[in-house]
Amino acid sequence: MDAHAEHAERVRPIRIRTCIATREQLPDTRLLRVVADPDMPGRVVPDPSRSLPGRGAWIKPTLDALELAEGRRAFARALRMSPAASAAVDVSQVRTYLVHASNDPHDDRKTEH
């Protein structure tokens, strides 16, 4: 395998995703993926490594975006949770993640590992 082909295999394509809060279309590297917790119905967990199984949704990694998405009940719709869960979606783990990430001195790549 030549060096160009090897480099092409390692480069991860930048995908455009839509924030469920702001509806902005941004590169996935600037958004946080969240998924429904399979062990706890109605709970949403952050997936900064983008490796958890299941349907994901994308959100700007800010507390303002989180609150906007909560107000719009966007998590339940985007993650196709049961209608009963839409009023009681638990996003506490996402909120905790965002609070810790906002204190990170290396905030230019918060959602990547």
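**Exercise 1.** Which residues of the largest nonpolar core touch the most other members?

Solution. The structure is a predicted model.
- Step 1: the largest nonpolar core has 26 residues.
- Step 2: within this core, the residues that touch the most other members are Ile-20, Val-34, Val-44, Ile-59 and Phe-75.
- Step 3: at least two core residues come from each of strand S3 (32-36), strand S5 (56-59), helix H2 (63-71), helix H3 (74-78) and helix H4 (92-102).

**Exercise 2.** List what Val-34 touches, not counting residues up to four places away in sequence.

Solution. 
- Step 1: contacts of Val-34 include Val-44, Val-45, Pro-46 and Asp-47.
- Step 2: Val-34 also touches Arg-55, Gly-56, Ala-57 and Ile-59.
- Step 3: Phe-75, Leu-79 and Val-94 complete the list for Val-34.
- Step 4: Val-44, Ile-59 and Phe-75 from this list are, like Val-34, among the core residues that touch the most other members.

**Exercise 3.** Locate the partners of the salt bridge between Arg-15 and Asp-28, and classify each by accessibility.

Solution. 
- Step 1: the structure holds six salt bridges, one of which joins the side chains of Arg-15 and Asp-28 at 2.9 Å, N to O.
- Step 2: Arg-15 is in the loop between helix H1 (3-10) and strand S1 (16-18), while Asp-28 is in the loop between strand S2 (25-27) and S3. The two residues are 13 residues apart, and the pair links distant parts of the chain.
- Step 3: the relative accessible area of Arg-15 is 30%, which makes Arg-15 partly exposed.
- Step 4: the value for Asp-28 is 2%. Buried means under 20%, so Asp-28 counts as buried.

**Exercise 4.** Determine how Glu-67, Glu-70 and Arg-95 are joined.

Solution. 
- Step 1: a salt bridge connects the side chains of Glu-67 and Arg-95 at 4.0 Å, N to O. Glu-67 belongs to helix H2 and Arg-95 to helix H4, 28 residues apart.
- Step 2: Arg-95 also forms a salt bridge with Glu-70, with 2.6 Å between the closest N and O atoms. Because Glu-70 lies in helix H2 and Arg-95 in helix H4, this pair ties together parts that are 25 residues apart in sequence.
- Step 3: Glu-67 is partly exposed at 45% relative accessible area, Glu-70 is partly exposed at 31%, and Arg-95 is partly exposed at 28%.

Note on methods:
Residues are numbered from 1 along each chain as its sequence is written. This is a predicted model: local features need pLDDT of at least 70, side-chain atom pairs count only at pLDDT 80 or more; totals for chains, interfaces and linings use all residues. Side-chain values use heavy atoms; hydrogens and water are left out. A nonpolar core is a set of buried Ala, Val, Leu, Ile, Met, Phe, Trp, Tyr and Cys residues joined through side-chain atoms within 4.5 Å. Buried means under 20% relative accessible area, exposed over 50%, partly exposed in between (1.4 Å probe, protein chains only). Helices (H or I, at least four residues) and strands (E, at least two) are DSSP runs, numbered from the N terminus. Contact means heavy atoms within 4.5 Å.
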